Amino acid sequence: MIWQHIIFGQLSLAALPQNPIAWGGAVVFVGGLVVSLLAITYFKFWGTLWREWFTSLDPKRIGIMYLIVSLVMLARGGSDALLMRLQQATSVGASSGVLSSEHFQQIFSAHGSIMIFFVAMGLMFGLINIVLPLQIGARDVAFPFLNSLSFWLFVAGAALVNCSLILGDFSTAGWLSYPPLSELAYSPTVGVDYWIWSLQISGIGSLLSGINFFVTIIRNRCKGMTPMRMPMFTWTVAGSMSLVIFAFPILTVTLALLALDRSLGFHFFTAGAGGNMMMYVNLIWAWGHPEVYILVLPAFGIFSEVVPVFSGKKLAGYTSMVLSVLAIVFFSFLVWLHHFFTMGAGANVNAFFGIMTMVIGIPTGVKMFNWIFTMYKGRIRFMTPMLWFMGFVVLFTLGGVAGVVLAEPAADYQLHNSLFLVAHFHTMIVSGVLFGFFAGLTYWLPKVLGFKLDESFGRKAFWCWLIGFILAFGPLYILGFMGATRRLDHYSAALGWQSLFIVAGIGAAIISLGFAFQIAQIVRSIRRRRANADTTGDPWDGRTLEWSVPSPAPAYNFAILPIVHSLDAFWHEKEKVRAEGKGFERVLINASDYEDIIMPKNTGAGILIAVFVFALGFGIVWHIGWLVAVGFLGAVIAITLRAFAEDTEWTMTAHDVARAEAAAHKHHLTRHAA
Amino acid sequence: MYKTEFITTEEDRKNDATVVFGFWMYLMTDFVLFASLFATYAVLRTGAMPGSLVFSAPFVLLETVILLTSSFTSGLTLLAARSGSRAWVVAGLVTTFSLGARFLTMEMSEFSKLIAEGSGPQTSGFLSSYFTLVGTHGLHIAVGLVWATALAIAIARAGLTRSNMRKLMLWSMFWHFLDIVWIFIFTIVYLLAL
């Protein structure tokens with residue numbers, strides 16, 4: 001017994017799933033993993049995968065890996081959502097539905113944590129990786145290795161969350177794990193520990209990414225790109241990353257303090273011994289509210305790129321757009337208390353935060369009007385990215401109005417903790433963040449894949465998401481007014497709520513259909529990649545620098561670093577040629593005009609460090625002392641060795657650059673002719 | 001910036017400046033981290049303050065003097081590096097390391113004394129926040145010591161190469177930063193308790 005404890009900590013066979021639905025989850029997850037591993041082995045893909053992907057420091061490849069992990073996690077978080085909808089549609093009166101209360105609580109906790117940390121954050125960093133360096137005319141991010149490490153820490157966190165499907169349980173304390181419920185006394189199993197360590201590990205990765213991209217924007221812009229010539233997406237990423245820099249350390253501390261309480265018996269947030277659980281709520285929201293803007297600012301940036309391109313006009317009110325980003329960054333730190341008006345901070349405090357919350361709606365409103373003004377008298381092409389935008393405008397405005405209702409403390413006392421709130425923030429996150437990222441995927445993936453995504457499936461996916469969303473969340477607004485609280489796993493038939501819950505369930509099913517269309521879209525686009533090939537590198541008649549290089553963009557991004565003289569530099573370059581009555585053609589420069597390019601060497605250090613950190617997290621969750629020691633020491637040694645590693649770069653000679661450029665040009669010409 | 005032959009191009013200089021700027025950004029995040037811990041301490045300090053807890057003023061002052069001196073020697077180390085003297089740099093690192101290690105052992109002995117007296121971090125919210133705030137600083141010091149050791153080895157081996165110079169610069173920034181955090185701890189934790 002003693003030996004078993006030393007080797008396995010608290011881990012035992014009892015940790016395996018205990019009911020059919022949990023078994024189902026575990027089997028699907030492990031089965032999917034085994035099938036993927038076998039497929040990779042069968043197609044002899046391991047070597048390529050390791051050499052060209054896992055060890056790659058190319059932000060475009062790291063970006064694609066982020067997107068793949070996020071889409072897998074979206075499937076996981078979406079299944080959780082379906083189960084919740086199924087439970088709430090069926091668990092009424094005498095029927096107790098498909099899930100136990102305990103399991104239902106795990107599922108809503110997992111759904112929220114996964115959707116924010118491993119879907120929204122992952123899609124965001126994926127898109128930033130793919131586009132940002134290209135958009136500012138840079139060859140790479142400021143710290144290429146750090147970027148790879150961030151990604152692998154993100155994967156380690158995601159892996160830890162998924163371990164809870166198979167071994168032990170997940171937190172039942174909600175996506176933000178408020179104490180005292182999340183304390184050991186009330187959550188004695190490993191669930192909350194899984195939550196803490198998966199978020200801590202991926203959160204540190206996000207913090208490193210925040211620093212990396214902020215420094216990239218400040219230091220790596222090409223010549224001539226003054227701040228007021230930066231594309232809007234770059235501006236929003238700069239705002240978002242500065243929020244990461246200021247907000248994520250607070251999350252690191254909060255999670256660490258909760259972990260100290262749970263693992264070492266400290267008393268930060270306990271109900272007795274001088275702990276203060278209200279402090280937790282303040283700390284977590286001092287991170288949590290800026291987090292909302294961390295996610296939505298880049299989505300705003302994507303719309304600010306998509307709308308001008310698909311309207312054939314420049315963005316209306318560029319300066320006011322920049323100022324509104326800065327205003328949002330500033331105010332996002334002054335509204336956190338609106339998440340807990342009912343804590344009882346007093347009328348004046350609540351009034352201040354209520355007013356601030358309404359104030360922060362103003363810069364967002366400015367953006368809404370500017371996008372609509374951009375469309376005004378434009379030659380609008382209603383393609384998928386634009387459809388996502390139109391869906392966003394309607395839903396986000398409605399959700400924002402619901403938010404202003406909630407910002408009124410007196411109203412919030414009635415509406416807080418109800419499904420009205422759930423409907424509000426899903427409207428903001430789904431239509432704001434997700435729709436934005438989906439538009440970004442359709443818009444930018446051609447740049448790295450070399451082919452456009454299938455338009456017809458893209459449209460079908462959009463309509464399913466839009467209609468499904470309205471059906472799924474419309475009823476929740478009404479139910480919230482009727483008094484339905486969030487996190488409800490059973491209710492009385494006499495309340496008459498069931499029909500609305502069934503409508504919401506149908507909506508969720510339609511959203512899943514939309515997700516299925518998106519997967520089908522990817523598959524079909526890969527199969528028809530020749531027909532949908534982006535032969536020009538500029539499939540949408542774009543305005544910014546990323547469209548000035550061929551698709552897929554070369555590893556070094558730009559053979560010759562661009563120099564810009566205005567906002568929308570690439571557009572103006574094209575306009576100059578068009579003014580002479582010619583079509584814009586990318587031309588090859590003289591082979592002798594190329595220069596040597598210094599590139600980072602691929603390295604497995606990021607993945608190695610992440611494996612150790614994963615072991616550390618898993619060891620802490622299950623109280624396995626030796627694994628904690630191995631993980632900790634391994635990570636420290638690996639980081640030190642990498643920090644002092646020399647010879648991390650290689651030089652691509654001007655000759656090789658010239659050859660690669662000529663080959664890409666020839667390829668482009670032949671494909672163009674075909 | 002450096003008087004060594006290793007800096008050659010404008011590109012190198014720009015890259016070094018980017019790294020230094022990035023490190024400043026990291027230090028900002030660390031400031032926010034400590035700010036959160038200070039806030040936590042301020043909130044929980046009003047809670048159950050144990051009457052038995054008395055900090056010894058001369059002890060804490062000695063700790064402070066040792067840490068401030070180590071910051072001074074880390075500055076001297078950087079000056080030695082700029083004048084290109086490998087031996088003095090290693091000597092400076094060793095001196096700073098010894099002072100830092102002395103500081104850390106003093107902190108450890110204070111911690112163990114408190115724990116032996118029954119005032120460990122598990123006793124109350126106040127002591128949890130005290131140990132965590134001061135301990136997190138101590139943990140950073142430990143990281144700085146490991147870093148100094150690795151730097152001394154790398155410089156003794158390969159000399160004042162450009163990458164070693166850059167790392168020395170970052171380490172020195174890190175060490176000064178810990179000094180500043182300590183000044184806040186000294187004031188807010190110790191002076192207010194005396």
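This is a predicted model: local features need pLDDT of at least 70, side-chain atom pairs count only at pLDDT 80 or more; totals for chains, interfaces and linings use all residues.
Ground rules: local features need pLDDT of at least 70 and side-chain atom pairs 80 or more, while totals for chains, interfaces and linings use all residues. Residues count from 1 along each chain as written, chains are lettered from A and ligands numbered from 1 in written order, and side-chain values use heavy atoms, leaving out hydrogens and water.

**Cysteines.** I then checked burial (under 20% relative accessible area is buried, over 50% exposed, partly exposed in between; 1.4 Å probe, protein chains only). Cys163(A) comes out buried at 15%, and Cys464(A) is buried at 11%.

**Thr364(A).** I found Thr364(A) in helix 11, residues 347-375 of chain A; helices are DSSP runs of H or I, at least four residues, numbered from the N terminus. Thr364(A) is buried, because its relative accessibility is 14%. Leaving out residues up to four places away in sequence, Thr364(A) touches Phe300(A), Ile328(A) and Phe396(A) (contact: heavy atoms within 4.5 Å).

**Cavity.** How many cavities of 30 Å³ or more are there? I get one in the whole structure. A cavity here is a set of points on a 1 Å grid over the protein atoms alone where a 1.4 Å probe fits but cannot get out; lining residues have an atom within 4 Å of a point. The largest cavity holds about 60 Å³, the volume being the space filled by probe spheres set on the points. Its lining includes Gln135(A), Arg229(A), Arg543(A) and Asp568(A).

How values were computed:
Helices (H or I, at least four residues) and strands (E, at least two) are DSSP runs, numbered from the N terminus. On a 1 Å grid over the protein atoms alone, a cavity is a set of points where a 1.4 Å probe fits but cannot get out, and a pocket is an open set with protein on both sides within 12 Å along at least five of seven lines; lining residues have an atom within 4 Å of a point.
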